[in-house]
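The following briefing covers helix packing and pockets in one structure. Please consult the sequence and the coordinates while reading.

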Amino acid sequence: MDKLAVLTSGGDAPGMNAAVRSVVRTALYWGKEIYGIYRGYAGLLEDDMISMNSSSVSGIVLHGGTMLKTARCKAFFEEENQKKAAQILRKRGIGGLIVIGGDGSIQGAEKLSRLGIPTVTLPGTIDNDMHGTDETIGHDTAVNAVVSAVSRIRDTASAHNRAAIIEVMGRFAGNIALDAGLASGAEYILVPEVPFSREKLARSLKLQMEAGRTNSIIICAEGADDGRALSEWLTERTDIDICTTILGFIQRGGQPTARDGILGSTLGAAAVKALLEGETGALAGMHRGEVRIISYGEAKKEKEPFKQKLYELSVMLGAAQSSGDIRETGL
């Protein structure tokens, strides 16, 4: 295996550049050629790649996004295109591919492994919801971005005696909302894993504001409710002035935190090592604070459970316990 390649796929995540840098320099350290594939699987199908050296990744570790660009490629779900991609890699003499991305990215890597192209995937997604790993590259940075925004929004909410709804990313997983909400002291945290009652939320919010609170923060994962619609509904029923902020892509960009920089660097080196040691289809992830190489098949069996204890702690420390739990169902 004298030639390796690396690509980033799906949604970008802070720390991806640190991972790319680590992959490139680790491969060079072991005397291997390394190619960077632009725009994920879309670029692979177009044979859009370049030979990389140490200077290619100089200075990128503190940058958000991904220097290799990224894209979502529906065409790669077609078997004919998967075979085409495998043939492109073989034609170039590339013996192993490192993929950095989320669930869709790992599916593509698994298809290539079945076609005889050894692949190792690094978990890169801000949602921290991938099977087979406790942590994903980009999550810590996204959480810190939300915490910073909440701090600013609480200041202005307090100045006007307002409540504030802050909608964060997370269609199917509430990890960003939960982690950021607990870290920033949000009074209410709404996540898709736990159905909630709008009526109970309205009563609780009205009671605490009438009791003298000057502000209240409601962090809402996009999969739990629509932030603007919820704001309008609550305003009609409580007469409380509510401001709404949808953070959107501000959670994706920016300089990665030290944690994500370290995670990307650590997993990038581990992925190269795994390929050189003969892995043909595996995830390089984290398990109880340690790097773990686990097959795609075994990774699928391990779904990180919802952090129930952390959620219960957020309820206890927030406003809900003083005026009735807002949940429709208990955990």
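**Helix packing and pockets**

The crossing of α6 and α11 is left-handed, a term for a near helix turned anticlockwise from the far one by less than a right angle, right-handed being the clockwise case. This is a predicted model, in which local features need pLDDT of at least 70 and side-chain atom pairs count only at pLDDT 80 or more, while totals for chains, interfaces and linings use all residues. Residues are numbered from 1 along each chain as its sequence is written, and side-chain values use heavy atoms, without hydrogens and water.

**Helix α6 with helix α11**
- Helix α6 (residues 175-184) packs against helix α11 (residues 308-317) at an angle of about 40°, and their axes are 10 Å apart; helices are DSSP runs of H or I with at least four residues, numbered from the N terminus.
- Axes are lines fitted to C-alpha atoms over the stretch in contact, and angles run from 0 to 180 degrees between N-to-C directions.
- The angle therefore makes α6 oblique to α11, oblique being what remains after under 35 degrees (roughly parallel), over 145 (roughly antiparallel) and 65 to 115 (roughly perpendicular).
- On α6 the contact (heavy atoms within 4.5 Å) is made by L178, D179 and L182, and on α11 by L310, Y311, L313, S314 and L317.
- This contact of α6 with α11 has 6 nonpolar, 1 polar and 1 charged residues; Ala, Val, Leu, Ile, Met, Phe, Trp, Tyr, Cys and Pro count as nonpolar, Asp, Glu, Lys and Arg as charged, and the others, Gly among them, as polar.

**Helix α5 with helix α6**
- Helix α5 (residues 139-159) and α6 pack at about 50°, with axes 9 Å apart, so α5 is oblique to α6.
- The crossing of α5 and α6 is right-handed.
- H139, A142, V143, V146, V147, V150 and R154 of α5 meet N175, I176, D179, A180, A183 and S184 of α6 in the contact.
- By class, the contact of α5 with α6 has 8 nonpolar, 3 polar and 2 charged residues.

**Helix α1 with helix α9**
- The axes of helix α1 (residues 16-29) and helix α9 (residues 258-276) come within 7 Å and cross at roughly 35°.
- The crossing of α1 and α9 is right-handed.
- Contact residues are A18, A19, S22, V23, T26 and A27 of α1 and G261, G264, S265, G268, A269 and V272 of α9.
- These residues of α1 and α9 divide into 6 nonpolar, 6 polar and no charged.

**Pockets**
- The largest pocket holds about 800 Å³ of space; a pocket is an open set of points on a 1 Å grid over the protein atoms alone where a 1.4 Å probe fits, with protein on both sides within 12 Å along at least five of seven lines, and lining residues have an atom within 4 Å of a point.
- A volume is the space filled by probe spheres set on the points, which are joined across faces, edges and corners.
- Of the 32 residues lining the largest pocket, G10, G11, R72, D103 and G104 are the closest to its centre.
- Helix α4 (residues 103-114) gives the largest share of the lining of the largest pocket, 6 residues.

Key. Helices (H or I, at least four residues) and strands (E, at least two) are DSSP runs, numbered from the N terminus.
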